[in-house]
Each structure stands twice: as structure tokens, then as C-alpha cells.
Amino acid sequence: MHSLVDMMIQKNFITRRDYERVAGASQYGEPFHRLAVRSGLVSEDDYLTLLQDSFGYEFLESIPDDYNPAPFKHISADFLDEHVAFPLELSETRVRVILNDPFDHLVLDTLKKLYPDLDISISVSRKDKIRQWVAQYFFQGEAVPDEDEKPAEEIAESAYAFEDLEHLRDLASEAPVIKKVNQVLTSAVEEAASDIHIEPFDDRLLIRFRRDGLLQEHQTLPPNLQQAVNTRLKIMARLDIAERRVPQDGRIKTKIAGKNIDIRVSCLPTVYGESVVMRILDRTSASFSLEKLGFPQREYQIFNNLIHSPYGILLVTGPTGSGKTTTLYSALNRINSIDKKIITIEDPVEYELDGINQIHVNPKAGLNFATGLRSIVRQDPDVILIGEIRDKETADIAIQSALTGHLVFSTLHTNDAAGAISRLIEIGVEDYLLASSLIGIMAQRLVRVLCPYCKKKYIPDQAVINKYNLLFGDRPVEVYQPAGCARCGFTGYSGRIAIFELLSINDEVREMILQSKSVVAIRKMGVSQGMTLLRDDGWSKVVEGTTSIEEVLRVTGQ
């Protein structure tokens with residue numbers, strides 16, 4: 001049980017039965033203290049008094065008359081209003097902010113991203129006071145839409161009641177809907193989210209952000225607002241607003257908080273309407289450097305040698321969201337030079353790379369991986385990147401390209417490096433062609449990095465030590481676990497790093513492929529030759545204090 005809840009019980013604000021009843025009734029995973037205040041179980045005054053007395057937060061009734069909002073104009077007013085936050089002071093050493101909920105990790109994480117080198121000082125105040133100050137200094141006194149604008153709830157009812165497309169288009173162009181959509185996009189960028197999920201259910205429209213690989217609830221909207229929000233996003237992505245029965249994919253290019261942002265939009269029909277997922281691609285902050293990926297020294301040297309090979313196929317495997325594209329882009333960035341012609345075919349192109357010819361797959365126009373590859377090889381390339389090998393036809397052309405003197409990079413969805421060999425044979429690739437063309441296979445996953453400011457050293461339980469052989473010589477390893485602080489938004493983690501498993505295809509492995517040896521046998525051969533397994537690379541990063549045991553187990557399995 002959270003310590004804040006314990007204190008509420010000790011102060012007789014609630015009983016343990018209150019906690020169990022209310023927490024059990026929560027449908028959206030809302031923190032108990034926030035739910036307790038919102039529902040009236042605990043008064044706001046009692047809650048703020050508890051924050052003062054037990055946590056030492058200063059309570060403010062007013063702000064200075066000479067307050068200057070200029071240093072904070074780059075922060076979205078919608079974000080401040082939604083999260084009930086007011087930036088008060090900025091100095092060379094700290095940023096001071098007034099919050100109603102000092103445990104709102106989304107706000108704290110955003111401040112950390114905006115001011116990475118400053119301490120964060122928190123004061124507290126009432127919700128109505130904070131929103132009043134935000135309206136006065138950041139909305140220029142306009143905390144609500146103009147009188148001639150329809151409220152969002154009214155628009156929601158209209159969107160639910162009418163199916164006329166022109167009417168729906170008009171609703172999507174209403175100021176409150178535009179403001180709400182812009183607010184969601186801005187918040188996602190400010191909070192460094194990689195994806196936005198907008199999901200319709202019977203009683204709500206749920207909006208979640210994926211941050212550091214995990215989904216977290218951002219907010220909920222009335223279910224009747226779904227059509228207007230989705231239509232607005234479709235208009236921005238230039239999709240067909242009349243089509244709601246089949247999936248659609250689009251793209252939004254925009255500028256948010258001074259950053260050039262690409263947003264990939266995917267619409268999928270579900271029982272209660274269309275689910276919209278948006279992948280955020282921040283072109284201004286993208287960095288493709290092999291050194292920053294987290295390679296162990298041995299794997300770094302081998303991978304660097306492989307990407308400088310004159311020909312052959314190099315595969316990167318892993319599930320969706322495991323960083324495969326970033327690794328391959330980093331490889332292309334390393335070898336890109338004026339004397340090499342590099343062509344990629346992707347679905348879609350995630351980032352634009354200078355000096356590299358990049359092609360979007362367009363199935364509607366007849367351009368898929370296979371047809372695109374046939375044309376690419378006639379363009380006299382030195383290096384080809386194929387976004388993903390999905391079928392035998394694409395695999396065959398990739399292999400023929402490698403055998404005729406091209407270096408080919410691609411991805412595959414398998415659990416480990418050795419599994420890629422059996423996967424390609426399963427889709428119909430001949431083993432002798434595979435043995436002749438493959439030069440390396442690398443599996444990878446992303447683990448969250450422990451916050452350097454609050455991680456705590458500890459010795460794991462003996463059962464865990466025995467199960468995973470966590471020994472350093474004859475004694476258990478001291479490792480770190482997440483704690484949580486203002487800098488990491490009380491999650492205990494900040495950012496992600498990759499763990500790797502690199503199988504170099506040498507003569508022994510080629511012979512095993514030709515003999516149709518099992519995945520287990522090939523994996524054992526790789527280990528005997530020095531290959532580090534995914535989990536072993538994860539353990540090394542645990543021992544280094546980079547990540548936690550729980551994170552490695554989360555991405556590699558129990």
C-alpha cells in the first residue's frame with residue numbers, strides 16, 4: 001500500500017475499508033489519493049494539509065504581484081490547465097512549480113525533460129487557485145472557450161446523433177475539438193511519449209501514452225466525443241472520414257513546441273468504434289549513433305565489421321518496438337559515404353536520412369517489398385535496407401541481391417537470433433541459399449534505464465540469486481532497484497537502452513544450416529564461440545547498475 005494511503009488512514013481521513021472499497025471500484029487505474037479527493041472521500045483541504053504536515057510541501061495562497069510568465073511561454077497552457085500545474089520561478093539552479101498533486105509523474109517527467117540540469121522545487125495549492133493563475137497568465141484570462149463556441153459535451157452529443165459527413169466534418173473543425181486534439185498531441189510530445197492510443201469503450205474514450213515502452217493512462221473523454229476526435233485526426237492525416245469499416249493508415253507532419261514532428265496514424269475498427277494509434281517520430285531529437293545503443297564491446301566490434309562487409313544479409317530481429325529500425329538506421333548512418341549508393345524500402349519511412357534514397361511501400365499502387373526490390377537492384381545500389389522480410393518472394397529477392405554483390409539489411413520478427421534461421425526456412429527459403437548469403441543475425445530488446453538520481457543498491461533474495469546465478473566470484477552481486485523521485489516522475493526509470501544477442505554466421509554455423517540442425521543446437525554453437533545471449537547481456541547491465549532484474553525478466557521472460 002502506498003505510504004500516502006497509510007498516512008490518510010493514520011490521520012483518520014479514511015478507513016482501510018474505504019481504501020479497499022474505492023480502490024477496487026476504480027476502472028481506469030487512477031491513483032487512489034486522486035480518486036479519493038475527486039470523489040469527496042477526502043476533502044481537498046485535508047489532502048493539502050497532509051501534504052504540508054507529512055511531506056513538507058509549502059502551501060501557497062497567492063503568487064507575487066510582479067510574477068513574470070515569460071520564461072515559461074514555451075510550455076503549453078493546455079498542458080498546465082489539464083495537469084493543474086503552475087510554473088512559478090526559474091533560476092540557474094532550480095525550477096519551482098505549484099502543483100495540486102505533487103505525485104503527478106507526467107508533470108514531473110515533463111519538467112525533467114525541459115530542465116534536465118535543474119532541481120525541481122514543488123509547492124502546493126488548491127485546484128481552483130492554480131487554474132485561475134494559469135488562465136490569468138497563460139490563457140490571457142480566457143480559461144474557457146468563447147461564448148460563440150460550443151462546449152465539447154454539446155459537440156459530443158451532436159457527433160453521436162448525426163452521421164452526415166459534412167456535419168461531422170464541421171464538428172471536427174469546432175474550436176473545442178481542435179483544442180482537445182492539439183492538447184493531446186502537445187502533451188505527448190512534451191512527455192516524450194512514443195505512441196498515443198485513443199481507444200473507444202462503452203462508457204469512455206480512453207487515451208493512453210506509451211512512455212519508455214510501457215502504456216500509461218493520460219486521460220478519459222466522454223464516449224460521445226469519439227467521432228469528432230477521430231474525424232479531426234483523419235482530416236489532419238488526410239484519410240477518408242467516410243470510411244469506418246476497414247483499417248486506414250496515414251501521416252501527419254506538424255510542428256509542436258518548436259520541433260518538427262512526424263506522426264504515423266493507424267485507424268482500426270473495433271466493437272465500439274475506431275481505435276486510433278499514433279506513432280510519434282521526433283525528427284529534431286533523433287540520434288542514430290552505434291555508440292549510444294548500448295553494445296557490449298565484443299558485439300560492437302563484430303557488428304561494426306559486419307556492416308562494412310561488401311555483400312551478404314544482416315538481419316536484426318525482435319518484436320515490434322524493440323528498436324530494430326533505430327539500430328539499422330544507426331548502421332546506415334555509420335557506413336553512409338559519397339562512394340556508396342544506399343537505397344531503403346520501408347513501410348513506412350520513419351525518419352529521413354540525408355544522402356540515402358528512401359522508398360515508401362505503397363500496396364495500393366502495386367509497390368510492395370518484392371516489386372520495389374526488383375526495381376531497386378536495377379538502380380546499381382551498394383547497400384539495400386528492406387524494412388521487413390514478410391514472405392518467401394521478398395526473402396528470395398533479398399538473398400539473390402546478397403549473392404550478386406549487395407549488402408542487405410533487414411528485420412524479422414523472431415524471439416532470438418538463431419530462431420531467424422528456422423523462420424526463413426519455414427517460409428520456404430532453401431537452406432543452401434541461406435547458408436551462402438547470411439553473414440549475421442542480431443536479436444535485441446529494449447530495457448528501461450534506472451534513474452541515476454534515486455536508484456537504490458540492494459542484494460537480491462537468495463532464491464533469485466540461485467535461480468539466475470547472480471554471483472560475482474563467491475559472493476552475491478549488489479545490484480540496483482528503482483526507487484522514484486521527482487526527476488524520473490516517481491517511476492524509478494528514465495530512458496531505455498538495448499540488450500543484444502549477436503550470432504555471427506561462420507563456416508561452422510553454415511554447415512549446421514545445411515545439415516538442418518535445430519535452433520537449440522545452433523544457439524549452443526553460437527554460445528560456445530562467444531555469443532552473449534539476450535538475458536546474459538541484460539544481467540551484465542544489471543550488474544553495471546544500468547537497469548534492474550525486473551526489467552530484464554520483463555523483456556526476456558521468466
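In what order do the 4 strands of the open sheet lie? The order is S1-S4-S3-S2, and the pairing is mixed. The legends below take this sheet and several other sites in turn.

This is a predicted model: local features need pLDDT of at least 70, side-chain atom pairs count only at pLDDT 80 or more, and totals for chains, interfaces and linings use all residues. Residues are numbered from 1 along each chain as its sequence is written, and side-chain values use heavy atoms, with hydrogens and water left out.

**Figure 1. The whole chain.** The chain has 22 helices and 21 strands. Helices (H or I, at least four residues) and strands (E, at least two) are DSSP runs, numbered from the N terminus. Of the 558 residues, 50% count as buried. Buried means under 20% relative accessible area, exposed means over 50%, and partly exposed lies in between (1.4 Å probe, protein chains only). Take the contacts in the chain with a separation of 6 or more: residues 24 or more positions apart account for 64% of them. Contact means heavy atoms within 4.5 Å.

**Figure 2. The open sheet S1-S4-S3-S2.** The edge strands are S1 (58-59) and S2, and each pairs on one side only. Two strands pair if DSSP finds at least two bridges between them. S1 and S4 (residues 119-124) run parallel, joined by 2 bridges. Phe59 has Val124 of S4 as its bridge partner.

**Figure 3. The hairpin of S2 and S3.** S2 (residues 85-90) and S3 (residues 94-99) pair in the antiparallel sense over 5 bridges. Between the two strands of this hairpin sit 3 residues. Glu89 has Arg96 of S3 as its bridge partner.

**Figure 4. His406 in its loop.** This loop runs between helix H15 (392-403) and strand S15 (407-412). Is His406 buried or exposed? At 11% relative accessibility, His406 counts as buried. A polar atom of its side chain lies 2.8 Å from the backbone oxygen of Ser401. The side chain of His406 also makes a polar contact with the side chain of Thr404, at 3.4 Å. A polar contact is a pair of N or O atoms within 3.5 Å; within protein, one must be able to donate a hydrogen and the other to accept it, and residues adjacent in sequence count only if both atoms are side-chain atoms. Leaving aside neighbours within four places in sequence, the residues in contact with His406 include Pro310, Tyr311, Pro381 and Asp382.

**Figure 5. Cys451 and Cys454, with no disulfide at Cys451.** The structure holds 0 disulfides. Cys451 is in none, and the nearest cysteine sulfur, that of Cys454, is 3.7 Å away. A disulfide is a pair of cysteine sulfur atoms within 2.5 Å. Cys451 is buried, with a relative accessible area of 0%. Cys454 is buried too, at 11%.

**Figure 6. Helix H19 and its buried face.** Which residues of H19 (residues 507-514) are buried? They are Val509, Met512 and Ile513. Seen down the axis of H19, these buried residues fall within an arc of 105°, so they line one face of the helix. The arc is that of the directions from the helix axis to the C-beta atoms. An α-helix has 3.6 residues a turn, so residues three or four places apart point the same way. The buried residues of H19 pack against helix H16 (419-426), helix H17 (431-437), strand S21 (493-504) and helix H20 (519-528). Asn506 caps the N-terminal end: one of its side-chain oxygens lies 3.3 Å from the backbone nitrogen of Glu508. Just after H19, Ser516 takes a positive phi of about 55°.

**Figure 7. Thr547 in the loop between H21 and H22.** Thr547 counts as buried, at 0% relative accessibility. A polar atom of its side chain lies 2.7 Å from the backbone oxygen of Arg448. Leaving aside neighbours within four places in sequence, Thr547 is in contact with several residues, among them Val447, Leu450, Tyr480 and Val552.

**Figure 8. Helix H22 and its packing.** In H22 (residues 549-556), the buried residues include Ile549, Val552 and Val555. The elements that the buried residues of H22 pack against include strand S16 (438-450), helix H18 (462-468) and helix H21 (534-543). Gly557 follows H22, and its phi is positive, near 95°.
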